[in-house]
Amino acid sequence: MAGTRASASRRAFAQLAAGTPVLPVLIVTVIALVDLVGGAGMIWLPLLAAGPALAATTNGPRGVLSVGFLAVALGATLGIRDGIPGRELAAVLSALVAVTLASGLAGVLRGRRERVLAAVRSVAETAQHALLKPVPSTVGPFQVAVRYSAAAAEARIGGDLYALIPTPHGVRLIVGDVRGKGLPAVGTAALVLGVFREAAHDEPDLLAVIDRIERSLARNLGHDDFVTAVVAGYSQAAGHLEVVNCGHTPPLLVRACGSVTPVEPAHPSPPLGLRGLAGHAPSLHALPFADGDQLLLYTDGVTEARDHRRAFYPLAEGLERHVSHEPARTLDGLHDELLSHVGGRLHDDAALLLIRKPAASEAGGPAEVTAPGAAPEARCCL
């Protein structure tokens with residue numbers, strides 16, 4: 001029983017301490033002590049209004065009123081002690097009361113805004129989970145990791161998009177960037193992802209998936225709107241990746257030996273939504289993808305991130321520094337380095353999606369057997 005009472009007392013004290021306006025009370029106390037020591041009277045007493053004004057930024061109405069009452073009481077006591085004329089002292093105390101009431105109202109409005117912001121964040125997070133569904137760490141034959149950072153930190157959602165899904169035709173994925181910002185960009189991203197998820201299951205040909213997205217965008221986008229994207233597919237039967245780059249930044253291929261090279265399209269294709277203006281269809285690029293290879297897809301919010309000297313983030317060099325056999329650890333290192341490069345906050349949405357094809361021995365399959373006396377087969381990057 002005693003232990004329960006002690007625990008309840010500690011919780012009550014912790015709640016009281018958390019809601020106590022310590023800094024405003026300290027400021028009021030310091031001003032009062034300075035007045036007591038210096039005896040300056042009217043020089044210092046108006047500064048007591050700083051207490052309730054500061055409390056409005058950190059505490060609710062109760063804390064503001066408490067600090068205001070303390071300031072008025074100290075002001076009256078010190079004014080009488082210092083012999084300030086009644087009319088001047090009344091003016092100072094009236095000002096303290098007015099600042100306290102205004103600060104209390106500001107505290108009420110701040111608390112209301114914080115509750116609204118919390119609700120907006122909750123809705124945005126729910127929308128993000130519905131739009132950018134969590135990707136499991138293993139999809140088909142691949143190890144997978146994803147990192148997404150929205151520039152609109154309060155909303156936590158932006159115009160970048162990604163998806164990776166297993167289908168009857170193999171694993172298919174998309175990473176893209178919608179032109180523009182805000183809710184229109186989010187709506188376009190939702191449209192692209194919805195069509196992609198349906199077409200990826202229905203269409204055996206990856207170019208047919210692109211056609212479905214293109215037709216949908218043609219019906220729904222404005223003349224100046226478009227989406228850059230990389231769409232890829234992998235089937236065990238083909239044994240290689242099929243990549244279609246629609247005006248997007250080129251993915252980075254990491255070979256098993258650690259070399260990093262950009263996957264440039266042989267025939268550049270227009271962004272999604274602009275095919276009618278460009279006049280030609282996208283082309284398919286077959287990319288050999290062996291055991292141990294990795295592919296990093298990303299948006300331009302990563303490569304266009306600048307430091308205080310306006311230098312872009314060197315993604316390829318960063319990938320070489322942080323690449324490992326665990327995609328999640330690789331992206332953790334990249335993401336932390338990216339935030340450090342920009343000083344802690346991105347100015348554009350940034351998405352990173354990394355897939356890795358583990359060797360059969362890593363997946364628990366049979367290890368390769370080397371004949372007695374024979375040297376292991378050397379593997380090199382060309």
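**View 1. Helices α3 and α4 pack against each other.** Helix α3 (residues 50–58) and helix α4 (residues 61–82) meet at an angle of about 170°, and their axes are 8 Å apart. Axes here are lines fitted to C-alpha atoms over the stretch in contact, with angles from 0 to 180 degrees between N-to-C directions. That angle makes α3 roughly antiparallel to α4, a label for angles over 145 degrees. This is a predicted model, where local features need pLDDT of at least 70 and side-chain atom pairs count only at pLDDT 80 or more. Residues are numbered from 1 along each chain, and side-chain values use heavy atoms.

**View 2. Look at the residues where α3 meets α4.** From α3 come Gly51, Pro52, Ala55 and Ala56, which touch Gly63, Val64, Val67, Gly68 and Ala71 of α4; contact means heavy atoms within 4.5 Å. Six of these residues are nonpolar, three are polar and none is charged; Ala, Val and Pro are among those counted as nonpolar, while Gly counts as polar.

**View 3. Phe142 and Phe289 form an aromatic pair.** Their rings sit edge-to-face, 5.9 Å centre to centre with 75° between the planes. Rings pair if their centres lie within 6.5 Å, and planes over 60 degrees apart count as edge-to-face. Phe142 lies in strand β2 (residues 142–149) and Phe289 in the loop between β9 and β10, so the pair ties together parts 147 residues apart in sequence. Are these two residues buried or exposed? Phe142, at 1% relative accessibility, counts as buried, and so does Phe289 at 3%; buried means under 20% relative accessible area, using a 1.4 Å probe and protein chains only.

**View 4. Ring pairs build a cluster.** Phe142, Tyr234 and Phe289 are linked by ring pairs.

Terms used. Helix = DSSP H or I, 4+ residues; strand = E, 2+ residues; numbered from the N terminus. Parallel < 35°, antiparallel > 145°, perpendicular 65-115°, else oblique. Phe/Tyr/Trp six-rings, centres within 6.5 Å; stacked < 30°, edge-to-face > 60°. Buried < 20%, exposed > 50% of the residue type's maximum accessible area, 1.4 Å probe, protein only.
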